[in-house]
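Hi,

Here is the structure we talked about. Please open it first, then read my notes below.

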Amino acid sequence: MVKAAVCSLCGLSTAAPLYDDVGRPYCCPACREVAQLLAEGLSVSPAPAEAPVDHAQEVTLALGEMWCPSCSWFIEERLKRTPGVFKAQVNFLRREARVVYDPERIHPRALAKRVRRWGYRAWTPDETPEDEEEALFTRILISLVFVMHIMIGSFILYARQLLGLDTPDTLWMSRFFYLTFFLASLPLLYLLGWPILRTGLVSLWRRQPNMHTLIALGAFSAFALSTRNLFLGQGHVYFDTAAMLLFLVTIGHWLEVKARSEGMRAIEKLWKRLPREALWISPEGPRRVPVDELPPGARVRVEPGEPFPVDGIVAQGEGEVDESLLTGEAMPVYRRSGDRVYAGTVSVDGTFEVITAAVGAETVAGQIGRMLHQALWQRSPVERLADRIAAVLVPVAVLVAAGTFVYWTRQAGLEAGLMNALSVLLITCPCALGLATPLTLWVGLQRASGEGALVRNTAVLERLARVRVVFLDKTGTLTQQPLKVAAVWTSADLPEDRVLAWVAALEAPAKHPIAEAFLRAAKERGLTVPQVHTFTAHPGQGVEGALNGRVLYVGNERLLQRAGLRLPPDMHARAERWRQKGRRVIYVGWEGEVRALVALEEALRPEVPAVLDELRALGCRVEVLTGDHPQSGARWQERLGVSVQAGLSPEEKLGRIRETEEPAAVVGDGINDGPALAAADVGIAMGRGTDIAHAAAEVILLRDDLRLVPWLLRLARAVRRKVHQNLAWAFVYNFIGVGLAVMGYLQPILAALAMVASSLLVTTNALRLRTFAGPSSASRRP
């Protein structure tokens, strides 16, 4: 008779406990599996956490008043030179500075204070930063009143001059309008001009001029010249030029901030979908608690229509689950006892009890948000190049403007020299150049995550765009899971069920599709799976373990050679017949001889033919790497129509990849694929893959759909095209614009309009990637 016990994980009483290999009781298989994961230090979530920084502390400062990448470059350089700072990174898109510092030498508030002294805004984590988008919009609305007054008045005066109505008798009227323009410009200088002037003066004083320097020089020079001419009663006034310049530049900056904010909402969406409370089925009874207070192994209940608050394994219940938040797949998926579920996904029609494996930031959704956040801090090579060009462009623009001022002052006077120099400064502001690359790459990352493809950083997108060879693992990648045990053949005196139970016991600790096939077969036959005493995995060969006083080997022919097992002729003949049918043969042996054979059948994923055709259409050479017997590999090659390299060990797979001179991607899901994924230019792990595969890969497909592989290549190439288009536009725009401004053909207002239009064009072109078509529904798996 089975004695009742209390589950060592969730704490609930059970009349029929399950025990692990050291005798701990559990109420259900889900609790036992989660306990094993926690004991091994693993998680049901695929994304690894970032390693902590030793011997230092890290702080993230929120930043404001950054107008272009030159500003982020300047702040980063100054922070790096601050005593007590080991490392500093400033992200222009996120408006954040991540600083690693010595807490004994400097405090985060002192770091924020330093940034403010340089003319920018900064807030520590315990301070609430202002909403830059809202603050800018408020300034624009208030300033619009004064700008409209200046522009309408200027239009009236220009119209009088064109119609010949401006006479000496009405000179007092013009002077009155000019005086009102002067008064209306004063609040504009404070609302719109002061933030620019403050930063521009600081950067000029530091001998590192940036975009603020250009705009401040132009706008305040126009205002100073106009004020001089107004009170001396001679020359022209340019209050309308200064006002419109500040107004247009601020509008352009607001549009950039708004576009950036929309891009950042991808991370916010993930966090908002995570429930804050959960219904905990504790030993004291059901009660609602904050999710962060749930201990590992807690049993939570989820009703129909509710989101799952945790990552975990279903202990009880079944039904459809909407996983579109993580995978982008609109169709719900069926989940039942033993399946994994994830925080933020929604139960459509079932009531579930789930054993908690991860909460909050450790869930899949939380780690996706963290990975997307980290991706913004890892600049790709093309981003670093654009940053360096933008930083160099500013002093070059100042020199060209100075030369223009000197030339035109000699040719046509001070006012002409100042206006033409102002046009040069405006047209060379590196806004479009600075936005062209980071925004495009970030939108590409966001679009990939929306389809269930998690890309670790922007540099991976660059490498994906260059891929010309794709290596595919077969088992679990090209074939559907689970595999099916098709036949078991043993020596005359050995029952099939006993062999299958032993094999399932030996494979149970392994994380491989073959292990899942054996465990499922044993469960379907109602077999009791014993506990192994020792276990050793031989990657690319099989497993070894001690059971019932004997050492068992389960694997392929390479394991037979390793263990020195003899293969009887009758078993060899049967194995050959199975291979001719396309089956995979697993050998089971002990005491120096093979005692049984197991045949596994693999079903090809329905989308594979279309995926292979699309990869070839993209100009990629496709190879399948497998450890299967060469005879089975030949049948797969005939079926797939691509090169299949069979009989490979993990080391041989690695060597094949390293021999390839062209950029290569590897797609896999198992322990055997870990070295290959790490060695490839880009490693792509399937969503159901092992933790080792996920750790080695740079792309994780959360949706179990191979169609994402060619789609990712197309997306990466589209991102590269957008980057090249934006960079080309930025250079052409600057080249033509500077030429027109130097020759005196471009007025300052037109230069300001062109600058805003250029930034808007680059931003719009990058944001078009958000509508990049997903994988075609024509080949979508049912």
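I start with one arginine. Leaving aside neighbours within four places in sequence, Arg 447 is in contact with Trp 711, Leu 715, Leu 769, Arg 770, Phe 772, Ala 773 and Gly 774. Bear in mind that this is a predicted model. Arg 447 lies in helix α13, residues 438-450. Is Arg 447 buried or exposed? Its relative accessibility is 14%, so Arg 447 counts as buried, the cut-off being under 20%.

Next, the cores. The largest nonpolar core has 52 residues. Leu 640, Ile 684, Val 699, Leu 701 and Leu 712 have the most contacts inside it. Helix α24 (residues 708-742) gives the most to this core, with 11 residues. Take Leu 712: with neighbours within four places in sequence left aside, Leu 712 is in contact with Ala 448, Ala 453, Val 455, Val 699 and Leu 701. There is also a second, separate core of 51 residues. Among its members are Ile 196, Val 237, Val 257 and Leu 418. In soluble globular proteins, nonpolar side chains tend to be buried together.

Last, a sheet. Six strands form an open sheet with antiparallel pairing, in the order β10-β9-β11-β17-β12-β15. Which strands stand at the edges? They are β10 (285-290) and β15 (340-341). Each has a single partner strand, so one side of each is left without a neighbour in the sheet. Elsewhere in the sheet, β12 (residues 311-316) pairs with β17 (residues 352-358) in the antiparallel sense, over 5 bridges. Val 314 stands opposite Val 354 in β17.

Best wishes

Methods:
Residues numbered from 1 in each chain as written. Predicted model: local features only at pLDDT ≥ 70, side-chain atom pairs only at ≥ 80, totals over all residues. Heavy atoms only, no water. Pairing = 2+ DSSP bridges. Helix = DSSP H or I, 4+ residues; strand = E, 2+ residues; numbered from the N terminus. Core = buried A, V, L, I, M, F, W, Y, C linked by side-chain atoms within 4.5 Å. Buried < 20%, exposed > 50% of the residue type's maximum accessible area, 1.4 Å probe, protein only. Contact = heavy atoms within 4.5 Å.
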